[in-house]
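Hello,

Here is the structure I promised to pass on to you. My notes on it follow just below.

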Amino acid sequence: MATIMRSGTVTGTGTTTPDRGGAPGRGGGRAGGPATAAAYEAADDLCAAVLGSLRRRDQREKGRRYVRGLLALPGRKSMRGIAGQVGGAAAEQSMHHFISGSTWDWEPIRGALSGYLEATTTPTAWVAQPMAIPKGGEHSVGVAHRFDPHQGQMFRGQQAFGTWFASAALVTPVGWRMFLPEEAAPAGPGPSAAAPGTLAARAAYEEAAYEESATASVIATVRRTTGAPRPVVLDIRHIGTRSTMNRFAQAGLPVIARVDPATPLLVTDPALPGHGAGPRGAREVLRSVRGLCTPVEWTDPDPAHPGGRHRSTLAVAVRVMMPDPSPARRRHLLLVGEWTDPRREPAQMWVTDLVRLPVGPLLRLTKQALRVGCAAEHSGREAGLRDFAGRALPGWHRHVTLASIAHAARALTA
């Protein structure tokens with residue numbers, strides 16, 4: 001696997017950004033350093049290529065300035081801080097209107113960004129991951145008590161889904177969706193402690209809405225790309241269900257999705273234990289074939305180790321199907337299991353319709369999610385992906401779209 005491209009938190013050194021053509025002093029590509037001159041040049045090139053759907057020249061110029069402001073501003077991004085980097089206090093109201101009060105469409109820009117990246121570097125996969133955005137108060141759009149599947153705990157804030165472009169050279173986001181289950185909440189009185197059935201129904205509804213939101217987000221993003229279909233890595237715990245796999249099959253997109261240990265599967269290899277025994281949980285299936293594991297080498301994008309950390313774990317792939325009432329919808333899949341310790345339970349379980357790939361490339365494909373997680377935590381913070389504080393959902397979409405351009409500029413020049 002290629003070395004991950006990364007950079008750390010922006011510092012205040014050398015972040016002055018002249019309005020056009022200027023750039024900060026070169027701080028190198030070190031983690032913790034400012035955006036480089038090359039990043040500003042890349043941002044200008046990106047804006048010229050992907051902001052063409054903005055009909056007016058002044059809108060395109062505001063978009064370019066906003067991206068430059070995101071690159072220049074150290075720490076948490078704010079409208080006042082971004083405006084101060086590119087035009088002084090007088091620019092704040094204009095920038096605010098451009099993001100929160102304007103009517104320009106962000107989807108064509110995201111599509112153009114995907115196309116630009118596809119033309120620049122060959123994609124390996126599209127990676128879908130949730131992004132938790134902790135927030136207090138009641139005024140920001142989408143703020144509620146949410147469950148973060150990556151941390152395995154509740155938090156208060158926004159839950160978004162990002163679709164990331166992953167190649168051997170870089171990872172960067174190209175599509176976004178905010179999880180708003182209340183938009184399609186079932187009619188009738190809300191849940192209450194006196195009605196446990198209603199609470200259970202609400203929980204089941206939100207789980208289904210979460211899965212639908214994540215699936216729809218990545219499919220919509222990948223469908224607008226122009227290159228050959230690439231695998232989707234769906235690193236969202238407990239979402240590799242029958243309905244999700246069917247959705248991707250209908251969209252014509254190959255997928256490898258993380259699954260719950262209890263996900264029911266049918267073993268289809270006659271030579272393996274459990275064949276013909278009916279549905280068995282994914283973990284149970286893998287327990288019975290642990291002796292068939294082989295070592296697989298891969299690169300862990302550990303920020304503490306330049307170039308990543310080379311690792312080896314045990315993995316096995318088993319031919320399975322997901323039970324379905326309709327035999328016509330039953331498709332051949334592979335269940336991939338990984339062990340960090342052969343004496344314990346499998347550490348991760350994935351199902352995929354990439355049935356012709358050996359277990360080594362499949363396991364390394366899942367590690368694209370580690371690269372995305374590392375980038376979302378470090379360079380994503382530098383680009384301000386989590387920093388929108390407005391109340392309007394369109395404003396959030398416009399901000400996170402321009403922040404994605406800033407992230408891509410950093411990734412292309414890391």
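Helices α9 (residues 359–366) and α10 (residues 368–377) have axes that come within 4 Å and cross at roughly 15°. That makes α9 roughly parallel to α10, a label for angles under 35 degrees. The axes are lines fitted to C-alpha atoms over the stretch in contact, with angles running from 0 to 180 degrees between N-to-C directions. Helices here are DSSP runs (H or I, at least four residues), numbered from the N terminus. In α9, R364, L365 and T366 meet Q368, A369 and L370 of α10, where contact means heavy atoms within 4.5 Å.

This is a predicted model, in which local features need pLDDT of at least 70, side-chain atom pairs count only at pLDDT 80 or more, and totals for chains, interfaces and linings use all residues. Residues are numbered from 1 along each chain as its sequence is written, and side-chain values use heavy atoms, with hydrogens and water left out.

Next, have a look at helix α4 (residues 92–101), where M95, F98 and I99 are buried (under 20% relative accessible area, 1.4 Å probe, protein chains only). Seen down the axis of α4, its buried residues fall within an arc of 85°, so they line one face of the helix; the arc is that of the directions from the axis to the C-beta atoms. Their cover includes α2 (57–72), α3 (79–86) and α12 (393–412).

Helix α12 holds H399, which counts as buried at 1% relative accessibility. Leaving aside neighbours within four places in sequence, H399 has contacts that include I99, Y66 and L70.

Happy browsing!

How values were computed. Buried < 20%, exposed > 50% of the residue type's maximum accessible area, 1.4 Å probe, protein only. Helix = DSSP H or I, 4+ residues; strand = E, 2+ residues; numbered from the N terminus. Parallel < 35°, antiparallel > 145°, perpendicular 65-115°, else oblique.
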